[in-house]
Amino acid sequence: MMRHCDWRMTVIGAVLLGVCGVMYGDGFPVVTDGEAQAVVVVPEDSYPIAAYAAEELIWHVEQATGVALPMTTESETPASPSRRIYVGATEAAAGAGIDVEALAPAAFVVQQTDQALFISAADGPGDPLRQNHDHSGVLWGVYDFLDRELGVRWLWPGELGTYVPRTDMLVVQPEDRTIAPRFQWQRLRGGFRDNNPAIGFTEEGLAAYRDAQDVFLRRHRMDQSRRPGFGHVFGGWWEQYGEDHPEWFQEREDGKRGPRVGQRTDRVSMCVSNPGLHDKVFALWQERLEASPDRTPTMSLPEADSRGRCLCEVCKSWDAPQPSEETLAAMTSSMRGTYNPRNASDRYLRFWKIMHDRAVAVAPDVVTTAYVYFNYFVAPAAPVELPAAMHLDFVPWGGFWFPRPIQEQEWVKEQWLGWQATGASMSYRPNYFHDGYVMPHLFTRQFADMFQFVEQNGAVATDFDSLKGQWATQGPMLYLLARLHTRPRATVETLLTEYYEAFGPAADHVRAYFEFWETHTTVNSLDGGDTFSRYGASRLHRYARAAHALFPPESFARADAILADAEEAVADADEAYGARVDFLRCGFEHARMAAELAALFADGTVSADERRAAFDALAAFRHENEGLFFSNLTHASHVETRSWGDESGFPGE
């Protein structure tokens with residue numbers, strides 16, 4: 001691509017091009033001299049996704065150049081402009097030898113001739129914004145084009161978060177490439193819980209935010225259309241089968257079967273060595289197979305969101321030798337947690353393989369899914385060979401929050417390599433992003449290090465639980481979370497520079513601002529266990545109880561000074577740069593108000609009226625600014641309700 005008669009035009013312009021905008025060598029002019037030089041063409045009877053992809057192309061090109069490209073169908077293409085950008089499974093693409101039906105799932109072709117530019121992929125029905133669309137390739141082709149040719153960056157949901165560098169010329173250089181997605185599926189879960197309109201989104205605000213986030217996720221090519229069935233299979237089994245078949249369930253320390261004292265009945269683990277359990281799982285799978293004969297058969301085997309707690313002698317005999325007390329003592333508490341009550345990885349692996357082998361005898365193309373999780377997270381003790389049709393979701397859980405000690409980071413990597421060596425298909429499914437509440441809680445580099453490690457070591461897919469959407473306080477980290485899915489081999493600094501460039505003359509100040517918060521988070525989090533315990537807080541649901549201690553007033557004062565420098569830098573700059581800095585200011589003030597409210601709840605001497613006033617002020621701030629999409633307020637209100645609802649009554653109203 002060439003912008004503003006740039007590098008190639010500048011060097012050889014006098015020889016090849018004459019006057020800039022008149023001749024283009026081998027380039028394909030899209031916009032020159034303020035005029036459209038090409039028309040966007042979609043198939044005559046295409047499904048909605050091709051038209052949506054074309055609209056996305058036209059909108060972004062107009063943001064970059066100020067020129068709206070005309071759009072038409074193949075039968076109504078005008079004589080002028082004479083050049084065509086064909087989007088989708090067009091007849092012209094077929095005539096040019098592009099066989100879209102032969103492409104891999106969600107793959108696309110970008111190909112250029114003298115008079116045509118093809119962005120081609122297979123077509124199919126469905127809402128373009130749904131992540132389970134089976135024919136997303138044409139959309140991915142457009143987004144790839146906008147990324148490469150215009151440098152478009154989608155920083156956060158909404159128009160303000162869409163950074164489109166301005167140019168007065170768009171000339172595409174010759175290209176011919178076919179690209180398939182790096183991952184079989186890539187997913188950032190939406191991060192929504194029950195919204196509390198008293199302190200979360202208004203009804204209208206929530207609808208607008210959902211729509212904007214859907215667009216954002218598709219622009220980052222999130223797609224789960226090829227994801228096989230996963231899920232905690234045995235969650236309701238105790239209520240359904242416990243009375244008649246207690247032998248299918250965990251044996252407790254007292255030798256009896258069923259829930260432990262205080263254990264939720266939907267979290268009772270199974271006796272996975274029991275042949276009767278195997279028969280029941282297999283019979284239910286066969287019923288589903290017969291009911292849906294046209295679907296790829298999937299046997300889903302994950303536990304009931306629980307540790308493997310069965311202490312029967314057969315299950316224990318399936319386990320690997322347990323580590324010594326001395327070995328455990330050398331581990332961090334999170335690492336030791338994967339051996340509680342014992343390391344059950346080999347037990348579950350044996351169960352999965354038994355069930356997979358039985359299913360293969362009936363359906364050779366069966367896919368088996370399971371979780372590497374809790375105390376079946378440690379890599380197998382002995383070498384074992386598993387089929388690629390066994391998909392394992394790798395779920396570091398039980399304390400492996402970021403930032404984490406280097407010892408833990410390297411140990412988790414070792415477990416990945418151990419499971420990956422089995423030959424099973426490994427997908428990366430962490431829960432890290434539940435952390436941080438609405439605070440500037442950042443672990444950008446360490447998270448990226450882990451992501452790039454698994455990508456370079458065989459990850460076939462991702463599934464992140466969940467995208468909590470604190471865009472104005474955790475922006476660079478959330479940008480990398482999305483962006484690494486399409487540029488996994490780029491350096492962290494390259495991708496962070498993409499983010500900071502959107503702030504124009506304030507870029508260096510914004511970088512310093514977020515680096516301050518990441519350093520602060522690292523220091524506080526690595527020493528934060530006592531803080532969470534002191535306030536009865538937790539990383540997953542009750543972070544707000546400790547927010548004021550983890551982010552005290554003096555930290556906000558230091559960050560405020562850096563942010564003020566950013567505001568000064570954009571005082572006379574382009575309006576969009578200033579608006580993005582204002583966006584960060586909104587997140588800053590929101591986090592500070594939330595921390596102040598947390599301090600009031602932690603102080604037993606504060607009256608209910610004082611808390612109420614601060615609560616109402618925070619709710620009013622959110623409702624006034626919700627249209628900026630600075631925060632997923634369903635997450636904020638969920639954490640606050642779990643943190644304070646029983647005590648105050650306010651968040652639960």
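At what angle do helix H19 (residues 553-569) and helix H20 (residues 575-602) pack, and how far apart are their axes? In this predicted model, where local features need pLDDT of at least 70 and side-chain atom pairs count only at pLDDT 80 or more, totals for chains, interfaces and linings use all residues. Residues are numbered from 1 along each chain as its sequence is written, and side-chain values use heavy atoms, with hydrogens and water left out.

H19 and H20 pack at about 165 degrees with their axes 10 Å apart, where axes are lines fitted to C-alpha atoms, for helices over the stretch in contact, and angles run from 0 to 180 degrees between N-to-C directions. H19 and H20 are therefore roughly antiparallel to each other, a term for angles over 145 degrees, while those under 35 count as roughly parallel. Helices (H or I, at least four residues) and strands (E, at least two) are DSSP runs, numbered from the N terminus.

The contact between them, meaning heavy atoms within 4.5 Å, includes Phe 556 and Leu 563 of H19 and Leu 584 and Phe 588 of H20. Its residues divide into ten nonpolar, no polar and four charged, with Ala, Val, Leu, Ile, Met, Phe, Trp, Tyr, Cys and Pro counted as nonpolar, Asp, Glu, Lys and Arg as charged, and the others, Gly among them, as polar.

| Pair | Angle | Axes |
|---|---|---|
| H19 and H20 | about 165 degrees | 10 Å apart |
| H12 and H13 | roughly 15 degrees | within 11 Å |

H12 (residues 406-420) and H13 (residues 444-456) are therefore roughly parallel to each other. Among the residues that make their contact are Trp 416 and Leu 417 of H12 and Met 450 and Phe 453 of H13, and by class this contact has seven nonpolar, two polar and two charged residues.

An open sheet of five strands has the order E12-E13-E14-E15-E16, with parallel pairing; two strands pair if DSSP finds at least two bridges between them. Strands E12 (298-300) and E16 (459-462) stand at the edges, each with a single partner strand, so one side of each is left without a neighbour in the sheet. Helix H11 (residues 345-362) lies across E12, E13 and E14, running at about 150 degrees to E14.

The protein chain averages a pLDDT of 93, pLDDT being the predictor's confidence in each residue, from 0 to 100. Over residues 1-22, however, pLDDT stays under 50. Where pLDDT is low, the predicted coordinates should not be read in detail.

Notes. Parallel < 35°, antiparallel > 145°, perpendicular 65-115°, else oblique.
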